[in-house]
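The points after the lead sentences are grouped by topic.

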Amino acid sequence: MKKFIDRILIRSEEIIAIPTIVRAKNNLRSGNHPRAEILAACIEEWLEKEFSNEEKIWLEKINTQWKKLQRQDTIIEIDDFGAGVPSSSNGVKKNVTISTISVQNSRSQHWLSLMFKLMCALRPATVLELGTCIGVSGMYCAAGLKLNTTGTLVTIEGAKAYASVAKENFTALALNNVIQYTGRFSDVLPDILKDHQPIDFVFIDGHHDGEATVSYFEQLLPFLSRSAWLMFDDISWSRSMRRAWKTIAEDKRVSFSANLSLIGMCYIEQ
Ligand SMILES: C[S@@+](CC[C@H](N)C(=O)[O-])C[C@H]1O[C@@H](n2cnc3c(N)ncnc32)[C@H](O)[C@@H]1O
């Protein structure tokens, strides 16, 4: 029953988001920026569910792997470093089942197929993800890069137990274009940025705290390539995240942005 209700909630969230996404797509087109046009075309194809045969094969493979996770009742112990956990603490210990996490911590298949499409359309060489969790978004991202036959996903996760489940998922799909790091963002990000710069695409999907989000934005800027994309998840999740998104979208260093309701995209040219 709970799974059924969750599915209805996810579907309604998707339907409610459509007018905002269509508005963002039209705004991108009216901006007359060639990169904005690429993003708009990608969003349009995604909304129309236009996928090539090769893309469909990958999406099916990921879906099969994700369904396996949804059936796994194994309990894992994790250290939570997310929003609400004080920066002075060593994280909060929690016991969770893989099946619960596979549904609760990731966006729906529909949203993650946008991530996959973006990889194919924007062809980033280096992608950085903050918040691997058990690797669901990572599978979409790395699969898109695989299809491009180039590109690496660098992904960071604070909870070791999540990272090891993610590793199993990447291995199961032969996604050998992923470099995983474990550690708290505040501890490991400085060295990772130095080692993997310049970064073409960043997916910020961990620590959904407004202040932390703006500070990651500032921290990332010097390490971006001359033409880079930032994707923020949960921009309307809380008042502080809404405020953070507004600050980032209005920042003079951002060439253009798109509010896709739950997700925000920025393009930075420097
Ligand atoms: C929403 S989940 C990521 C979901 C994943 N990107 C996906 O779509 O499949 C956020 C993840 O970020 C991790 N996280 C949150 N705050 C963190 C921090 N400060 N340092 C390291 N990891 C953190 C959490 O442990 C959690 O696994």
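In this predicted model, the ligand is surrounded by 19 residues, and the closest are Gly-131, Val-136, Ser-137, Gly-158 and Gly-206. A residue is near a molecule or strand if its C-beta atom, placed from the backbone, lies within 6 Å of it. By class, the shell around the ligand holds 6 nonpolar, 8 polar and 5 charged residues. Here Ala, Val, Leu, Ile, Met, Phe, Trp, Tyr, Cys and Pro count as nonpolar, Asp, Glu, Lys and Arg as charged, and the others, Gly among them, as polar.

Two conventions apply to what follows. Residue numbers start from 1 along each chain as its sequence is written. As the model is predicted, local features need pLDDT of at least 70 and side-chain atom pairs count only at pLDDT 80 or more, while totals for chains, interfaces and linings use all residues.

**Helix 6 and helix 7**

- The axes of helix 6 (residues 136-148) and helix 7 (residues 160-172) come within 10 Å and cross at roughly 35 degrees; axes are lines fitted to C-alpha atoms, for helices over the stretch in contact, and angles run from 0 to 180 degrees between N-to-C directions.
- Helices (H or I, at least four residues) and strands (E, at least two) are DSSP runs, numbered from the N terminus.
- The crossing of helix 6 with helix 7 is right-handed; a crossing is right-handed if the near helix is turned clockwise from the far one by less than a right angle, and left-handed if anticlockwise.
- Helix 6 contributes Gly-138, Met-139 and Ala-142 to the contact, and helix 7 contributes Ala-166, Asn-169 and Phe-170; two residues are in contact if their C-beta atoms, placed from the backbone, lie within 7 Å.
- This contact of helix 6 with helix 7 comprises 4 nonpolar, 2 polar and no charged residues.
- Asn-148 also belongs to helix 6, and not counting residues up to four places away in sequence, Asn-148 touches Met-119, Cys-120 and Arg-123.
- Asn-148 is partly exposed, with 16 other C-beta atoms within 10 Å; a residue is buried if 20 or more other C-beta atoms lie within 10 Å of its own, exposed if 12 or fewer, and partly exposed in between, with C-beta atoms placed from the backbone.

- In helix 9 (residues 210-220), the buried residues are Gly-210, Ala-212, Thr-213, Tyr-216, Phe-217 and Leu-220.
- Seen down the axis of helix 9, these buried residues fall within an arc of 160 degrees, so they line one face of the helix; the arc is that of the directions from the helix axis to the C-beta atoms.
- Glu-211 and Glu-218 are exposed on the other side of helix 9.
- The buried residues of helix 9 pack against strand 3 (126-130), strand 6 (199-204), strand 7 (224-233) and helix 10 (239-249).
- Helix 10 has Met-241, Ala-244, Trp-245 and Ile-248 as buried residues.
- Those residues cover an arc of only 100 degrees around the axis, which puts them on the same side of helix 10.
- The cover over the buried residues of helix 10 includes helix 9, strand 7 and strand 9 (263-269).

**The loop that holds Gly-91**

- Gly-91 lies in the loop between strand 1 (75-80) and strand 2 (92-97).
- With 15 other C-beta atoms within 10 Å, Gly-91 is partly exposed.
- Leaving aside its neighbours within four places in sequence, Gly-91 is in contact with Asp-79, Asp-80, Phe-81, Val-85 and Gly-158.
- From C-alpha to C-alpha, Gly-91 and Ala-159 are 9.0 Å apart in space, and they are 68 residues apart in sequence.

**Backbone features**

- Most residues other than glycine have a negative phi, and most peptide bonds are trans.
- Gln-197 and Pro-198 are joined by a cis peptide bond, with omega about -5 degrees; Pro-198 lies in the loop between helix 8 (185-196) and strand 6.
- Asn-32 is not a glycine but has a positive phi of about 60 degrees; Asn-32 is in the loop between helix 1 (2-30) and helix 2 (34-47).
- Asn-32 is exposed, with 8 other C-beta atoms within 10 Å.
- Lys-49, a residue other than glycine, has a positive phi near 55 degrees, and Lys-49 sits in the loop between helix 2 and helix 3 (53-70).
- Lys-49 counts as exposed, with 8 C-beta neighbours inside 10 Å.
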